[in-house]
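Subject: Structure handover

Hello,

Here is the structure we spoke about. Please open it and read the notes beside it.

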Amino acid sequence: MSAERVDVREKVLSASDQLAAEIRARLEANGVFAVNLISSPGSGKTTLLERTVDLMKESLRLGVVAGDVQTRNDADRLLRHEIPVEAIETGGGCHLDARQVSKSLEGLDLSKTDLLFIENVGNLVCPSSFDLGESMKVVLMSVTEGEDKPLKYPAAFKRARVLVLTKTDLVPHLQFSPDHAIENARAVNPDLTVFSTSSYTGEGLAEWTGWLAGQVAVLKRNKGSGESAGP
Amino acid sequence: MHEMSLALEIKAICERELAKLPESRLTALGVEVGAFSGVEVETLQFCLEVVMSEGFDGFRCEVVRQPGTAACLSCGLEFQVTQAPFECPRCGALARGVSGGDSLHVSYIEVECE
Ligand SMILES: Nc1nc2c(ncn2[C@@H]2O[C@H](COP(=O)(O)OP(=O)(O)O)[C@@H](O)[C@H]2O)c(=O)[nH]1
Ligand SMILES: [Mg+2]
Ligand SMILES: [Zn+2]
C-alpha cells in the first residue's frame, strides 16, 4: 500500500467558467455590451431597469434577461416597456448560472442587440461568484441598506466595475450618509465608477444612461476598427 | 446559499481524479477558498461532509482560507487581509483596495493505492 499526493489545482467552477467564456465570445461576436446587475432583494434593480430602458430604447437596441427565484413578475414588468425580455426562474437557486443564461440567450436575437441587461437573483453574496460572460458587473445598493454593506459583503463590490446607489430620494428620511457608504465601497474597490440615483425622481439617471451609452459606443468602435483591420 | 452546489462540483473533481488512479482510495482533500470569494468556509466544510459521505469516507478534509493583499497608502506596507476595512498593522492608516483572495480551487488530493 502506498500513499500519493496529487496536485490538482483545478478551479471548482472551471466548467461554469468555460461556459461563461463561450457566452462572452458569443456576445462579443455580436457586438453586445452586457451588464450583470447584482444587489440584495428589493434594492431597486427592476425599477432602475424600467427607467433605464425607457430612456435608452429609442437610441439603442436593448434586451433583458430577468432572473428570479420564483415567478416571472420582473420579466412581466419589463415586457410592458416593449423590449425583448427573457425570464429565468431559478426555482430556489440563489444566483443565475452560465447554463441558464446561455439557454435564455437563445430567445433573444443577439445580432439585433446593442445592450443587454441581466438582472441577477436578489442576493448580495452568491451571484458575485458566478461569471455569466457579462462585459461587467454592476452592484446596486439602496440607501436603506446601511453604509457598512460594502464591508460586510466585499466580494460583490470587489468584482463590480460600477456601483449604483439607489433610492436617494429617501435620504432626507434616513440617518444615512451617501458619502460614507461610497467611501466604504471604494475602500474595497477604489476603481468603482459610482452613480447616485433615484428611480422615483430621476436623479442621476441621465449620468447612468449616458455612461452606458458611452460603453456601447466604445465597444462598437473597437469592433469596427478590429474588423476593418482584418484580412 | 450556493456552497452545496460548490461541494457537488468538488466531489465531481475528486471523482474525475480518482478515475485516473485505479485501485486507490481518497485519504485527503485540500480546498482553497479566497477570503473575498463570497464563499463561507464553515458552510462549505459542512456541505462537503454531507456530499462526500456518500461514496467517500475516512478522509481528511482541509479547507484553507486564502487572504487578499492590501497596500497601505500612507507607509507603503503590503499586508494580508481577510476582511474589510483594511487597516495597516504598522501605522493604522487605511488601505484602499485589495488584490487576490478570489481563489476557489481544489488544490490537492491524497490517495492510497491498494
Ligand atoms: N423611494 C424609492 N423606492 C424605490 C426606488 N426604486 C425602487 N423602489 C421601490 O423599492 C421596491 C423594490 O424595487 P424593485 O425594483 O422591485 O427591486 P429589486 O428586487 O432589486 O428588483 C419597490 O417597492 C420599488 O417601488 C427609488 O428610487 N426610490
Ligand atoms: Mg427585481
Ligand atoms: Zn501603513
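How much space lies in the largest pocket? About 360 Å³. A pocket here is an open set of points on a 1 Å grid over the protein atoms alone, where a 1.4 Å probe fits and protein lies on both sides within 12 Å along at least five of seven lines. Its volume is the space filled by probe spheres set on the points, which are joined across faces, edges and corners.

First, the ground rules. This is a predicted model, where local features need pLDDT of at least 70, side-chain atom pairs count only at pLDDT 80 or more, and totals for chains, interfaces and linings use all residues. Residues are numbered from 1 along each chain as its sequence is written, chains are lettered from A and ligands numbered from 1 in the order in which they are written, and side-chain values use heavy atoms, with hydrogens and water left out.

**Pockets**

The largest pocket has 19 lining residues (an atom within 4 Å of a point). Nearest its centre lie Lys152(A), Tyr153(A), Pro154(A), Gly38(B) and Glu40(B). Two elements give two or more residues to this lining: α5 (149-152) and α6 (154-159) of chain A. Helices (H or I, at least four residues) and strands (E, at least two) are DSSP runs, numbered from the N terminus. The largest share, three residues, is from α6(A). Eleven lining residues are nonpolar, four polar and four charged. In this scheme Ala, Val, Leu, Ile, Met, Phe, Trp, Tyr, Cys and Pro are nonpolar, Asp, Glu, Lys and Arg are charged, and the others, Gly among them, are polar.

The second largest pocket holds about 270 Å³. It is lined by 13 residues, and Lys11(A), Asp17(A), Ser129(A), Arg159(A) and Asp102(B) are closest to its centre. Six of its lining residues are charged, four nonpolar and three polar.

**Interface**

Chain A puts 30 residues in contact (heavy atoms within 4.5 Å) with 36 residues of chain B. The two chains bury about 3,000 Å² between them, 58% of it on carbon and sulfur atoms. Buried area is the accessible area (1.4 Å probe) lost when two parts are put together, summed over both. In chain A, Arg9(A), Val12(A) and Lys158(A) lose the most area to chain B, together 22% of what that side buries.

There are 17 residue pairs in polar contact across the interface, both residues at pLDDT 80 or more. A polar contact is a pair of N or O atoms within 3.5 Å; within protein, one must be able to donate a hydrogen and the other to accept it, and residues adjacent in sequence count only if both atoms are side-chain atoms. On the chain A side, β1 (2-11), α6 and α7 (178-188) each give two or more residues. The largest share, ten residues, comes from β1(A).

**Salt bridges**

A salt bridge puts a side-chain nitrogen of Lys or Arg within 4 Å of a carboxyl oxygen of Asp or Glu. One pairs Lys158(A) with Asp102(B) at 2.8 Å, N to O. Another links Arg16(B) to Glu10(A), with the closest N and O atoms 3.0 Å apart. Arg16(B) is in helix α1 (residues 3-19) of chain B and Glu10(A) is in strand β1 of chain A, so this pair joins two chains.

Best wishes
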